[in-house]
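I opened a new notebook page for this chain.

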Amino acid sequence: MYQGFIKPWIEHTRKELEFKRHTISEVLRHVGSLCNDDGTPDESAIRRLFEQLDSNGDNRISKSELKKLVTDIHIGDAEKAVTKLIQDLDINRDNEVSEEEFVDVFTSWINKILAKLLNQYLCLMETIKYLD
């Protein structure tokens, strides 16, 4: 059972998570700094990004508007990347991303990345202290 079902499922899930991480990382790298000088998420910069992506000005980002960003970044499978981003960004599952959903999710992504970086930094400092 493990070889026939569980192992392939685990491998598929791992690949999906890695693709999602890569997509989010590329989006954040492409859009530039969305942080304040103190490292906290810059809500006004995130809102400006939302306005840039909302090309028709309806205060919602559609799949086609998100696809333009993904295409500009040159992520391999654009359709898959858009689907993964919509899954994260569209909290209420109406197939569009409101400004509040966008700000909330981008803020969460940035905070998770900052927490991971801080953890890596602290681990490095402990290692250096140990080596001294």
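**Ground rules.** I am working with a predicted model, where local features need pLDDT of at least 70, side-chain atom pairs count only at pLDDT 80 or more, and totals for chains, interfaces and linings use all residues. Residues are numbered from 1 along each chain as its sequence is written, and side-chain values use heavy atoms, with hydrogens and water left out.

**Whole chain.** I found five helices and two strands, taken as DSSP runs (helices: H or I, at least four residues; strands: E, at least two) and numbered from the N terminus. Their order from the N terminus is α-α-β-α-α-β-α. I then looked up burial, where buried means under 20% relative accessible area, exposed over 50%, and partly exposed in between (1.4 Å probe, protein chains only). Of the 132 residues, 31% count as buried. For contacts (heavy atoms within 4.5 Å), I noted that 53% of those with a separation of 6 or more join residues 24 or more positions apart.

**Helix α3.** I asked which residues of α3 (residues 63-73) are buried. They are E65, L66, L69, V70 and I73. Seen down the helix axis, these residues fall within an arc of 140°, so they line one face of α3; the arc is that of the directions from the axis to the C-beta atoms. The face turned away from this buried side carries the exposed residues S64 and K68. Just after α3, H74 takes a positive phi of about 70°.

Leaving aside neighbours within four places in sequence, L89 is in contact with L66, V97, E101, F102, V105, F106 and W109.

**Cysteines.** I searched the whole structure for disulfides (cysteine sulfur atoms within 2.5 Å) and found zero. C35 lies in the loop between α1 and α2 and counts as partly exposed, at 28% relative accessibility. Beyond its neighbours within four places in sequence, C35 is in contact with T40, P41, D42 and I110.
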